[in-house]
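Visitor: I am new to reading protein structures. Could you walk me through a few features?
Guide: Gladly; let us look together.

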Number of protein chains: 4
Amino acid sequence: MDLNADLGESFGSWTMGDDAAMFPLVTSASVACGLHAGDPVTMLDTCRAAYELDVRVGAHLGYPDLAGFGLRAMDMTFDDLFGAVLYQLGALDGVAHAVGASVDYVKVHGGLYDRTIHDAEQASAVVAAVQAYDPGLPLLGLEGSALVELAREAGNPVFHEAFADRAYLPDGTLVPHLDEESVIEDPDEIVERALRLALKGEVTATDGSVVRLTPHSLCLHGDAPGSVAVAAAVRSALERAGVELAPFA
Amino acid sequence: MDLNADLGESFGSWTMGDDAAMFPLVTSASVACGLHAGDPVTMLDTCRAAYELDVRVGAHLGYPDLAGFGLRAMDMTFDDLFGAVLYQLGALDGVAHAVGASVDYVKVHGGLYDRTIHDAEQASAVVAAVQAYDPGLPLLGLEGSALVELAREAGNPVFHEAFADRAYLPDGTLVPHLDEESVIEDPDEIVERALRLALKGEVTATDGSVVRLTPHSLCLHGDAPGSVAVAAAVRSALERAGVELAPFA
Amino acid sequence: MDLNADLGESFGSWTMGDDAAMFPLVTSASVACGLHAGDPVTMLDTCRAAYELDVRVGAHLGYPDLAGFGLRAMDMTFDDLFGAVLYQLGALDGVAHAVGASVDYVKVHGGLYDRTIHDAEQASAVVAAVQAYDPGLPLLGLEGSALVELAREAGNPVFHEAFADRAYLPDGTLVPHLDEESVIEDPDEIVERALRLALKGEVTATDGSVVRLTPHSLCLHGDAPGSVAVAAAVRSALERAGVELAPFA
Amino acid sequence: MDLNADLGESFGSWTMGDDAAMFPLVTSASVACGLHAGDPVTMLDTCRAAYELDVRVGAHLGYPDLAGFGLRAMDMTFDDLFGAVLYQLGALDGVAHAVGASVDYVKVHGGLYDRTIHDAEQASAVVAAVQAYDPGLPLLGLEGSALVELAREAGNPVFHEAFADRAYLPDGTLVPHLDEESVIEDPDEIVERALRLALKGEVTATDGSVVRLTPHSLCLHGDAPGSVAVAAAVRSALERAGVELAPFA
């Protein structure tokens with residue numbers, strides 16, 4: 001099982017999250033590429049830390065919207081999104097290369113994550129750009145999403161991420177962020193769900209039904225109060241349960 | 001002799017210059033990378049045109065200042081500039097790669113061009129980033145500038161550009177842009193200076209003295225009224241004089 | 001009848017449209033406020049020209065998206081949009097004040113224009129911000145849109161704009177921009193439609209039916225090839241027909 | 001004596017400083033206006049808090065450089081800076097107005113602060129813009145700086161700020177930020193210097209000499225670890241010493 005987190009989300013003088021604490025907990029780091037977060041120096045520092053700790057580097061692709069942190073959906077055309085993905089992939093690769101690292105996988109962020117669950121046009125723009133950049137580049141995404149399906153059809157290696165701290169609907173999709181029950185906050189419950197996802201590929205949906213998933217990575221969060229401790233507890237519990245933690249890429 | 005121009009300087013809905021008219025005239029295109037001008041789609045279109053016309057692609061590196069078009073000097077630290085150069089190199093390479101092209105050389109733009117004539121710290125940040133990206137990547141710059149000297153010392157292939165439409169000081173540097181006599185506007189004089197630079201490596205400075213240069217490329221401009229016609233006249237005159245036009249890279 | 005145009009849409013070194021040619025043709029100028037287009041110097045120059053020519057100044061409110069020119073819909077929250085409207089109103093007023101002008105009305109732009117035709121939440125955020133800024137500030141908008149209805153209910157003076165060069169649906173709304181038949185390009189037809197709108201308040205919809213409108217302003221465009229000439233022809237025809245041209249504000 | 005702090009420096013999803021803790025300690029808040037920090041919602045929240053706590057609102061004017069937090073000097077022209085100041089003043093006033101507040105004074109930030117200590121052209125652009133906006137608007141600045149002198153000559157009410165936690169040179173200017181001895185970190189020494197500045201208008205310079213100043217405001221900092229506690233200690237000590245704390249504006 002891989003453990004991934006969104007890192008390198010600081011921007012200029014503004015810090016976000018506790019990357020130093022999160023790096024030892026993960027096997028893959030999805031790194032912001034400057035359009036929704038991240039700046040060249042932050043990207044350099046994040047890639048250097050990943051390289052030194054043998055953590056894989058993912059290009060965390062977002063909408064070009066610093067003011068909105070890439071969280072709000074944008075009606076980008078196929079061409080604009082195709083270009084924006086290539087731009088971000090290249091920029092992160094250029095920076096990573098300078099510290100001995102490279103882009104090992106891609107993942108989409110925020111509004112683009114939500115949008116490409118169902119929006120085939122935006123999902124296909126992302127897939128086409130990844131294909132044009134490197135047809136063998138793995139994509140980490142939500143099982144069952146349009147993005148994951150289109151990437152698989154295109155021939156990209158595809159890996160699924162699951163969330164121990166997010167509520168699931170019976171169809172295996174996530175409860176939307178705006179819903180107040182979208183996030184699970186009880187640390188014990190998060191650890192328990194992480195174990196069940198890793199060991200059995202199961203999670204209980206909001207209606208009590210059991211959803212079956214095939215997760216290759218669990219997404220950990222480090223940007224809320226207390227979340228680093230929960231992430232550490234999840235990792236620790238997985239290790240104690242004998243789950244082998246290793247990057248998917 | 002190479003002929004270069006700054007192309008791909010549009011941004012979003014705003015167009016700059018007449019790239020379609022300039023592309024057939026040049027052998028190298030310095031392409032904006034999104035920080036002072038250019039956007040992913042413009043970068044894609046520009047790299048595609050360059051590839052189809054067998055024109056070399058240069059990364060035109062600028063300060064992160066869209067509002068100022070990268071023209072005003074900025075006190076960037078070594079680290080910030082180092083990161084910004086890697087970011088731009090990678091971004092353009094990523095986009096170029098998708099259309100079969102690649103970054104063939106680097107050139108600095110505007111305020112960074114002016115600053116790195118004398119500022120050894122900013123020049124060394126650019127050179128260090130180019131070295132970290134690709135030690136064999138050629139740099140096109142102003143003969144005698146700190147940037148060109150530092151790149152040469154670092155081992156980068158270095159090529160000189162000269163300007164047929166800019167006034168020179170006796171020491172071989174350019175009359176600053178703010179000076180009203182900095183630009184030569186008479187088309188016949190520009191053609192004559194281009195020929196003399198290409199054939200004899202000479203240009204007459206503002207005090208009447210003759211400056212000796214070893215130019216590998218002449219920089220053509222296509223963004224002012226009438227400038228495309230002048231660029232075409234320069235190319236035509238060089239061809240008639242038997243100057244072989246070919247990319248330096 | 002008022003004649004309005006979107007002016008001041010240049011940004012930094014990039015020029016858009018021919019404002020010098022359009023200013024003598026209009027009675028109201030909707031001026032970009034820096035978030036989708038416009039910069040402080042362009043705003044100053046545009047307000048100064050408006051003041052000198054006795055043209056009214058409108059705050060042309062857009063999404064914060066320079067790269068997309070404010071054309072693409074964005075999922076902004078009520079609070080974010082409320083703040084963005086106040087910010088733009090204040091910024092333009094501050095600049096206008098320095099040259100003796102002031103913000104005389106508001107109009108929304110691009111993606112926000114399209115969105116607030118039907119989206120009551122975004123429309124209400126715009127109206128609430130205008131109310132908070134100045135309850136008596138007139139709003140220029142599309143007849144029948146959610147924005148116009150909500151502004152009217154809130155007590156703002158509301159004025160309707162109509163388009164002689166846009167195709168109308170039978171319900172009085174515009175054919176969306178993406179539809180290839182959305183724009184009318186024949187100059188004679190545009191002039192004829194302008195006259196009929198001004199004199200009879202009528203326009204023929206795409207299905208041949210006649211839509212009745214109560215326009216207070218016609219929107220002229222100056223940013224496409226030949227569009228300035230068409231705008232001049234419209235104004236000239238209206239004057240010959242005895243239509244009194246005067247600002248609504 | 002006034003106590004001021006730089007507040008409202010968050011941007012989008014990124015938080016800076018602990019404004020909630022600092023607000024009760026100050027009598028004046030210099031609020032970022034969106035060009036170097038701040039966004040419309042942050043500006044709204046900050047102005048609302050200031051209004052409710054009877055704290056004065058200053059427009060904290062910076063260079064248009066979010067990536068650099070306005071800290072690095074920029075070669076802005078007179079016109080560009082004139083426009084940028086009007087833009088920021090208007091934007092903050094528009095937002096402040098909506099919550100019952102208004103811009104009570106201006107102060108410059110970061111690179112613009114450092115630059116306008118000596119650079120008469122940039123200082124005069126700031127003063128000209130403030131004059132054009134409101135000739136009676138007070139300016140808070142560094143005693144002896146070009147900005148303060150030019151504002152005084154122009155007729156603006158001018159007030160001096162002093163720093164209990166910054167080292168002074170014998171001529172009354174500050175030790176530059178890059179110097180490692182520029183900041184005083186010992187809490188007791190900061191409190192002692194604050195008292196001496198407030199009670200005697202004196203501060204000991206780096207060479208041991210005594211500099212005489214006429215401060216109207218002390219600048220408190222809340223963005224470093226422990227700095228809120230120091231700010232609280234300063235306020236408490238001033239109150240115990242019988243210094244009347246009140247806004248200068």
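Predicted model: local features only at pLDDT ≥ 70, side-chain atom pairs only at ≥ 80, totals over all residues.

Guide: Residues are numbered from 1 along each chain as its sequence is written, chains are lettered from A and ligands numbered from 1 in the order in which they are written, and side-chain values use heavy atoms, with hydrogens and water left out.

Visitor: What does the pair Arg212(B) and Glu202(B) tie together?

Guide: Side chains of opposite charge can pair when their charged atoms come close. The rule for a salt bridge asks for a side-chain nitrogen of Lys or Arg within 4 Å of a carboxyl oxygen of Asp or Glu. Arg212(B) sits in strand E8 (residues 210-212) and Glu202(B) in strand E7 (residues 202-204) of chain B, so the pair links parts that are 10 residues apart in sequence. Strands (E, at least two residues) and helices (H or I, at least four) are DSSP runs, numbered from the N terminus.

Visitor: Is Arg212(B) buried or exposed?

Guide: Buried means under 20% relative accessible area, exposed over 50%, and partly exposed in between (1.4 Å probe, protein chains only). Arg212(B) has 57% and is exposed, whereas Glu202(B), at 17%, is buried. In chain C, Arg72(C) and Asp65(C) also form a salt bridge, with their closest N and O atoms 2.8 Å apart, and both residues are buried.

Visitor: How many salt bridges are there over all chains?

Guide: The whole structure has 52. Across the interface of chain C and chain D, however, the rule finds zero.

Visitor: What does each of the two chains bring to that interface?

Guide: Contact means heavy atoms within 4.5 Å. By that rule, 22 residues of chain C touch 22 residues of chain D. The side of chain C that touches chain D divides into 15 nonpolar, five polar and two charged residues. Ala, Val, Leu, Ile, Met, Phe, Trp, Tyr, Cys and Pro count as nonpolar, Asp, Glu, Lys and Arg as charged, and the others, Gly among them, as polar.

Visitor: What is the phi of Asp54(D)?

Guide: Most residues other than glycine have a negative phi. Asp54(D) has a positive one, near 60 degrees. Asp54(D) is in the loop between helix H2 (40-52) and strand E3 (56-61) of chain D, and is exposed at 55%.
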